[in-house]
Every structure is written in structure tokens, then in C-alpha cells.
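Here are my notes on this one, written for someone opening it for the first time. Have it on screen while you read.

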Amino acid sequence: MRRRKIAPLVASAVGVLLALLLPQIGSDYYLYLFALVFTNVVLAASLRPSLTCGQLNIGHSGFMSIGAYTSALLAKNLGFPFEISLLCGALLAAIVALAIGYPALRLRGVYFAMVTVAFVEVIRLVAQIWVPLTHGMSGLSGIPKPSILGMTLTTKTSQYYLALFLMLAILLVLWKLESSRLGLIWKSIGMADNLAQSLGVNIAKHKLLAFAIGCFFAGVAGAFYAHFIRFLFPPEFGFLMATNILVYNFVGGRGHFAGPIVGAIFLSLLSEPFRGSPYETIFFSIAMLMTILFLPGGLITLPAKLGGLMWRRRASAPSPVA
Amino acid sequence: MPLLEGRNLSKHFGGLAAVNGLDLTVETGEIVGLIGPNGAGKTTCFNLLSGFLRPTSGSVGFAGEDITGRRPHQIVACGLVRTFQLATLFQELTALENVLLGLHLHSRMGLRQVLFSRRVFPPDEVSLSHEVLEFTGLASHADQLARNLPHGYQRVLGIAMALAARPRLLLLDEPVTGMNLSESAQVMSLIKKIRDGGTTILLVEHNMKAVMGTCDRIVVLNFGRKLAEGTPAVVSTSAEVIEAYLGAGLHHA
């Protein structure tokens, strides 16, 4: 019991330490890569509240897109400081989530998933067609670099630390939510929603809240992405990215908070050589299939599984003393 | 004044009247049984009373308040709690955690508690849950996963969770279905114990022996209408009831 609590703590402490030291060891390329990995971690982890409630959201990248475009346009056209434009982007993503979720969350299972798929395509098309605002398929460029309290973060190192800080802060909030009563309510809805309802849970309200919280943080991730890459291209935030976010959760494992984090880090790093090429889709499909076949609980169950194998082998092997 | 009062309740599914003009009252401290052949509208009636379905017409009154059209979680807050026909439990949690959730889910909380409370379950709730398990005879199974419990215990756990929500009226949907004689006798004596503790009970059940031995009053439904009502002795000798269950005799043919 105790070991189960300490192992993740040690792992995350080592992870954070390595992340803090990375600028000392790695080149700018690695800083760039890991800043994107951290963005993916935020996206994956922010899908979790909805997933825990049993809602399959295949439109998460649509909310990221809203955060990205809102923040980019506010900063570029109206000169908003980074902090404010990021917050506006995230808030708009949450507000849209409330508007979409209010009718859609009454649907269950696959019907809700279909609405989110339609949503992500609608958002992509809006970004593509609304040329005067978003520059459509020529892409939105010239987005200002992120800044903190008026100081522009020009170096890759400072932007990397910003990504790290945002990720850690968001993970902390999400973890706090999940380990509180609210997280318990989400879990109960996911396990048996009619039972939760008969025990006094307003399931419509809580599903909506979980959905909006997740989309808020997707908006934050999008806003950071916009100011970090400084170029937005509508098809990037399409259905494919939304399914990738989902795959991070499934491959990492849905049974634990660490699942989406592990999944996002593992898959983003492994798929890096294929980024943007058709092989990326193939890679993600294979990862998903392998997980379903061999590790239904996801990567986070791998240590326990290996431990079990070792133990069994040791038990069946003839004792060396005899 | 009755604790629960359904007035002229109807529920139509398309052309089918699952419940049709039903009047139903439950007095405080009673155990009332709702029986009837398959498809008589018993479960629909339960769903209407607990807010899982909205009646097509008619009204539901509880403790002097009109609760027609309220949503399930609001009705639970009034003190009317139901269980489900199948063993609906949080399967991946232990028996104790299930009861804790029953206690817990309806308690209010602020943002501060959400973000800064260190414990999910306060110690007083834990001890209260142990009491509920003790009361229902599940104390020795507190740490077993719900899905590993035998069927009979799963059903009792469902009742324990509902009890944890501190109901004034408990609606039990087929509490002893699929149980053997001794299990069902145990559950029935538990139900009496719950009533003696001050909770009024309305139950749906197929098991005639269990119903007859436990209920103070029985309401018989057939085709969505009330066929008969009265003490077990009166109902079990009613010609209409016997006909509904066993079919019309030859002389009607």
C-alpha cells in the first residue's frame, strides 16, 4: 500500500527535476520539442475530467483551437498582453464548452461523441472560411511571443520554462480536483450514472462542469501554443489531433491520473520522427491497437504487470537452496 | 396526511399506457407492497415517483410538497430515495466505499473544500458508514469489492447505500428477486428493521411469500391500473387478483 503511494511521487519528482535541468543538458531543439510535449500533456490531462464522467469527447482540439485563435488575435490585433489574451482564450473555450455541452451532454455515449466530432470540424471550417479574421488557409502569422508582466520571453529557454510552469500548475489544479469530492462525483457518474443520480447527484450539472473545466485548460494549451509556434493553420486542430488526445488517454491508461501524462509524453516523443507525415496516423493507430490487445489498463499498469511476471517466474523456478 | 401521494398518475409511451390514472398513497411508518403481473407498470410507477420519468398527467406529492416533474437529485434531497432492480453498484469500489459515496455525494461543498480539503472522507462519515454496514449485516464484507460480493449481498449493499442517504421514504425495486429462501427472509427482516427505525417503505416485488409476510398494505396493479388494495389477507383472497395472476377460469371462456 505504502509503496503504491511512494512510487508515483518519486517518479514525478525525478521527472520534474529532469525537466528543470533540461535547458542545461539539451539543445534548443529539445527545448522546443519538450515545450510541445508539455502542451500535449495539458491537452491529455484536461480531457480526463470528461472521460471520468464517461463522456467520450472527440473534439478537444476544437477548444484548443478556440483558445489559440482568440489569444493570438487579441494579442496581434488589439495588443493585449499575453497573460490577458491567454485568459480570454481559455475563458472563451470554456464558454463555448458550456454552450455546446448544455444540450449535448444530455446525450449519452456515442451520440455525445458524434456531436463533439461535428464540433471540431465546424471550428476548423470557421477558422478556414473566416478569412478576414483568421487569414484562412494562408494561416495566421506574426503572433507576438509570450510575455510575462511586460517582459517578452525571447529565448527558447524562457519559453520552455513557461510551458513547464503552465503544465505543472494545470496538473496540480486538475489533480486537486480529481482527488476531491468533485473527482469522486465524476467517478461515480462514470461508473453508474443512474445510481449517482439516485444518491442525489445532479449529473447534468456535474457533467457540464467537468466538460467546461477540461475545455478551459485546453484553451490555455491552445493559447500557449499560438504564442510559442507563432503560426496557426486551421487543419492542425482537426479531428486527427482530437483523436490523438484521446489516444494519449487510452494508451497511458484511464485508471489513474498519471495515465494521460505518461501517454502524452510517451507517444509525443515516439511519434516525433513522423510528426506531420501520414505515418503519424499509422503510428497512433498501432499504438492504440497494441494497448487494447496487450495492455488494456494502459502503460501505467505496465510496472505492476512486469512485477507480476517476475514474481511468478521466481515462484515457479526451483529454489536455489534445494 | 399521507407521506407520499400519487394522484391520477399516468404515463404513456406512444400508444401504450404503462400507468393509467393511478392513485397511490403511503402513510408514514407503513410498509406498502406494489405487486402485479409482468408489465403491470410497477417499475414505471417507481420511476414516476422518484423523478426518473415525468408523468404524462397527474401529480406526486411528498410530505405535503408537490414534487411532480422535479429531477431525481432534487427528490432525493427531499428524502425520497430509491434502489434499482438489478444490482446497480459502484462495482470497482469496496462495500464501505459504496456506502461512503451514498453518504457523501449529496453533501454540499464549496470551491475551497474542493481545492484544499486534504481528506476525501471525513472520519465521522467513515464511522457512520461502518454503522450502516453493521446495521445491514455487511460489516464483515466492508473491504470487499462490490463486484466480488455474492448476489444477495450486492442487493443488500444497494439498500445500505440508499439508507446512507437518510431517506424518509425508501423505494425498493424487487429487493429479493433471485434470492433463495433464507436470503430473502433475511432481507425481509432487514426491511422490517428499517421501518422500525423510522423509515417508511414502498416496495415492488414478485416474490409473493415475501410480500405477504412483510407488508402492512398491498396495492395490486394490472395493465397500469389499480386492481385491488388492502391488507395481505384481503388481497390474496380477492377473485380479481387471483384471476390476474392465474388467468380467467374456464367458466369465463
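How many residues does the contact take from chain B, and how many from chain A? Before the answer, some housekeeping. This is a predicted model, in which local features need pLDDT of at least 70 and side-chain atom pairs count only at pLDDT 80 or more, while totals for chains, interfaces and linings use all residues. Residues are numbered from 1 along each chain as its sequence is written, with chains lettered from A and ligands numbered from 1 in the order in which they are written.

1. The contact between the chains. It draws 25 residues from chain B and 20 residues from chain A, where two residues are in contact if their C-beta atoms, placed from the backbone, lie within 7 Å. On the chain B side, helix H2 (72-78), strand E6 (80-82), helix H3 (95-104) and helix H4 (111-116) each supply at least two residues. H2(B) gives the most, with four residues. (Helices, H or I of at least four residues, and strands, E of at least two, are DSSP runs numbered from the N terminus.)

2. What that side is made of. The chain B side has 14 nonpolar, nine polar and two charged residues. Here Ala, Val, Leu, Ile, Met, Phe, Trp, Tyr, Cys and Pro count as nonpolar, Asp, Glu, Lys and Arg as charged, and the others, Gly among them, as polar.

3. A helix pair in chain A. The axes of H2(A) (residues 28-52) and H10(A) (residues 203-229) come within 7 Å and cross at roughly 165 degrees. That makes the two helices roughly antiparallel, a label for angles over 145 degrees. Axes are lines fitted to C-alpha atoms, for helices over the stretch in contact, and angles run from 0 to 180 degrees between N-to-C directions. Among the residues that meet are Ala35(A) and Leu43(A) from H2(A), and Phe217(A) and Tyr225(A) from H10(A). By class, this contact has 15 nonpolar, four polar and no charged residues.

4. Cys53(A) sits in the loop between H2 and helix H3 (60-78) of chain A. Is Cys53(A) buried or exposed? It is buried, because 26 other C-beta atoms lie within 10 Å, and the cut-off for buried is 20 or more. Cys53(A) touches residues including Trp186(A), His206(A) and Ala210(A).

5. The sheet in chain B. Four strands form an open, antiparallel sheet in the order E2-E1-E4-E5, pairing being at least two DSSP bridges between strands. Five bridges join E1(B) to E4(B), and Glu5(B) stands opposite Gly61(B) in E4(B).

Definitions and conventions:
Parallel < 35°, antiparallel > 145°, perpendicular 65-115°, else oblique. Buried ≥ 20, exposed ≤ 12 C-beta atoms within 10 Å, placed from the backbone. Lists of a residue's contacts leave out its neighbours within four places in sequence.
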